[in-house]
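Let's take a friendly walk through one protein model. Have the picture ready and follow along.

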Amino acid sequence: MKTIANEYKEYILEHKKKNQFESEQTIYRFKNGYGASVIKEYMGPGVELAVIQFINDKNWELEYSTSVTNDVLRNLTPEQLIEKLEEIKNL
């Protein structure tokens with residue numbers, strides 16, 4: 001599974017995968033100052049999502065106190081990824 005949700009491409013701040021041994025990561029940034037760090041699970045079929053809050057244009061911190069989750073969400077399906085990105089966008 002890829003870390004890019006086509007429906008949210010306009011919100012991608014950064015996407016990286018340096019080589020076959022590193023995890024793929026996509027950073028999404030929404031207008032409300034929140035975003036998501038989405039990482040391809042190394043051994044699993046899904047992705048991991050963490051809610052992030054931007055402290056300036058490019059720097060961010062993990063945010064554990066939102067209504068979306070208080071932890072990292074693991075093993076998300078493509079449908080669940082889209083659902084969680086929409087929740088973060090609407091915070």
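Which side chain of opposite charge is nearest to Glu 24, and how far away is it? The answer is Lys 17, at 5.0 Å. Glu 24 is buried yet has no salt bridge. Buried means under 20% relative accessible area, with exposed over 50% and partly exposed in between, using a 1.4 Å probe and protein chains only. A salt bridge needs a side-chain nitrogen of Lys or Arg within 4 Å of a carboxyl oxygen of Asp or Glu. For opposite charges, Lys and Arg count as positive and Asp and Glu as negative, while His and the chain ends are not counted.

Before going on, a word on the model: it is predicted, local features need pLDDT of at least 70, side-chain atom pairs count only at pLDDT 80 or more, and totals for chains, interfaces and linings use all residues. Residues are numbered from 1 along each chain as its sequence is written, and side-chain values use heavy atoms, leaving out hydrogens and water.

**Around Glu 24**

You will find Glu 24 in the loop between β1 (12-16) and β2 (25-29). Strands here are DSSP runs of E with at least two residues, helices are runs of H or I with at least four, and both are numbered from the N terminus. The side chain of Glu 24 makes polar contacts with the side chains of Thr 3 (3.2 Å) and His 15 (3.4 Å). A polar contact is a pair of N or O atoms within 3.5 Å; within protein, one must be able to donate a hydrogen and the other to accept it, and residues adjacent in sequence count only if both atoms are side-chain atoms.

**Aromatic rings**

Rings of Phe, Tyr and Trp (its six-membered ring) pair if their centres lie within 6.5 Å; planes under 30 degrees apart are stacked, over 60 edge-to-face, and the rest tilted.

Tyr 8 lies in the segment before β1 and Phe 30 in the loop between β2 and β3, so their pair ties together parts 22 residues apart in sequence. Tyr 11, also in the segment before β1, is 19 residues from Phe 30. Tyr 8 and Phe 30 are buried, and Tyr 11 is buried too. Tyr 8, Tyr 11 and Phe 30 form one aromatic cluster.
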